[in-house]
Each structure stands twice: as C-alpha cells, then as structure tokens.
Amino acid sequence: MIRQAAFPLLLLAAGPALADSSLPPARLADTQLPDPKQEAKAAALMETLRCVVCQGQSIADSDAEIAGDMRAMVRERISRGENPDQIRVWMIERYGEWITYDPPLSGRTAILWIAPLLLLGGGLWLARGRFRRRAR
Amino acid sequence: MKRPWLLWIPLALFALFFGVVAYRLVNPADSVIESRLVGKQLPQFTLPPAYDGRPGLSSAEFAKGEPRLLNIFASWCLPCIAEAPMLERLSAQGVAIDAIAIRDRPADVAAFLGRNGNPYRRIGADMESRVQLALGSSGVPETFVIDGKGVIRYQHVGDIREDDVPMILEQLRKAR
C-alpha cells in the first residue's frame, strides 16, 4: 500500500529529462523588429520556413529552441537589409527544398502547381453532363 | 446501364487512397534531415572558446591536410552522454576531433566534459545556433567528417554508437 502510494510521489520528485538548453531565447527570437515594414517581411518569411525539429510547423509557430534561433537569424538579416528570397535560398542551400513551404517552380515541384488546374478541369469534365441537362 | 464497371471506380479510388495511407502508417517517412553541404566547402566561421580549457574554433583550422571530425554537442543533450565514450575511443586511435557546443554556458561545458571525458582539441561556443544553421545541421549530436582541404565529406546525424565507430573510421580513411 505504502509502495503503491510512494510511486507517484517519486515520479513527481523525478526531474524531467529536458531536451532544451537552459539559456534564454535569442534576443530577436520573440521580439519584433522596430521597423514595421521589416517585421512584416520577416514574419511573412518565417511563416514559410519549416522548423527542422517539429517538422510539421513553421518556425513562426514552433516553440523549439532552434526555431527561435532561426527566427532571430531571419530578423537580424532582414534588419541588415537582406531580402527574404536571399535568406530562403540560403536555407535551401543547406537543408534542401524541404525547408520551405513555398517551393520554387521547378520540374520536380511543377505537379504541385499544375495538379489543382488538372483536378478542376477533370471536375468540370465530369460535371458537364449535368450542366447540359439543367439547361434543357 | 451501359458500362457497369464504372460503378467500381469510386471503390477502387478509395482502396488506393486507403492503401497509400496504410503504407505510410506502417512505414513512416524518414525524418532525418541531411545537410546539403556534404561534398561542399565548410562554411566560414569563427567561434570563441566554449570554456577556458580548450581554444575556440574557426573554419580555418580544417583545411590543414588531415581529415578531422567536427562534433556538434551540448551539455544539455542526453544522447551526447551516450556518444562520449565512442568519441574517446576514436580520439585514442589518433582521430582529431573538434567540437561546437550549442547554446551552452562555460561552467556547464566544463562540468559535462569533467563527467564524460574530453576528446576534443578545440571547442567553439555557438550561443544562438548560427554556425549550426550555416552547416545545415538540425540537432545535437551530429558529427561531420571534414577532409584535409576543408570539404565536408560525411554527416552523421544522431549519436555515434559502438557499431558506427568502424564506419566513421572508414569515412575518415576515404577522406584522406
């Protein structure tokens, strides 16, 4: 009985294994740039860069430390006058096209852009009989 | 109805969809992100010492003729503890290992190395993961094999296990 009660208490006492450093986030990770135009550019870019740890989230959404460091880097480079496309290309050079949610149009990504048009065309083709009957 | 087989198309499409989903559930996609810089020159960087026991690290240290390991670690990283004895073993075999400590305080680095051993020649401090991002690395621990001309030849994502040691030695030999 005592053992059964002690186990959850011991769990409470055990420290969780942390997978994060104990340092505070980078200065610009969660602080907006003073210039609203630059901040808007940085925010738009951050929403289309993928976090390398929590892979379904953008770095704007992710709480992972490395995402914070990526946000800080994006803000710092934007504030130095770099344009967002340069930063995106820099990221793609290192992590591949995987890193961007806004992939450039190329042979490999063409299907992403063309598929909606094909599906729309197919849908219209399927529905054509219905429209004809209605018109009669 | 003229073409009764048409009726089966929706079911066939459903079965196809179901099959694709089931396949990915059983075989999840590989979530390891490899650096695209393998085969390219190490990016330029200069990092201050991570603690006072070893000098800092710059990219200039690498293009000096001999292949080296560049280990990305942190005192707060648990797999790094598991990896430490394997790095010691590589170091004992004469492999030159440099390191980058990610988001770490000097005292924490010193305590980590005191507990787990210090196989490193130089250790640079990367406080905001800048060099880590420049390397296309996505976590700790990771280990890069850099050849004598400063070209990244191999990237190992995750901790080096006992079984990986011969492979790492082989990669170093190939980089020679």
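The legends below describe chain B of a predicted model. Local features need pLDDT of at least 70 and side-chain atom pairs count only at pLDDT 80 or more, while totals for chains, interfaces and linings use all residues. Residues are numbered from 1 along each chain as its sequence is written, and chains are lettered from A and ligands numbered from 1 in the order in which they are written.

**View 1. Chain B has five helices and seven strands.** Helices (H or I, at least four residues) and strands (E, at least two) are DSSP runs, numbered from the N terminus. In that direction the elements follow the order α-β-β-β-α-β-α-β-α-β-β-α. The C-alpha trace spans about 85 × 35 × 30 Å along its principal axes.

**View 2. Strand β4 of chain B covers residues 97-102.** Five of its six residues are buried (20 or more other C-beta atoms, placed from the backbone, within 10 Å of the residue's own), so the strand is largely enclosed by the rest of the structure. Across chain B, 41% of the 176 residues count as buried.

**View 3. Strand β3 (residues 68-73) of chain B runs parallel to β4(B).** Five bridges join the two; strands pair if DSSP finds at least two bridges between them. N71(B) stands opposite A99(B). With helix α2 (residues 78-92), β3(B) and β4(B) make a right-handed β-α-β unit: with the strands pointing away from the viewer, the path from the first strand over the helix to the second runs clockwise.

**View 4. Strand β5 (residues 123-126) of chain B is also parallel to β4(B).** Four bridges join β4(B) to β5(B), and A101(B) stands opposite A125(B). Helix α3 (residues 106-116) lies in the right-handed β-α-β unit that β4(B) and β5(B) make with it.

Note on methods. A residue is buried if 20 or more other C-beta atoms lie within 10 Å of its own, exposed if 12 or fewer, and partly exposed in between; C-beta atoms are placed from the backbone.
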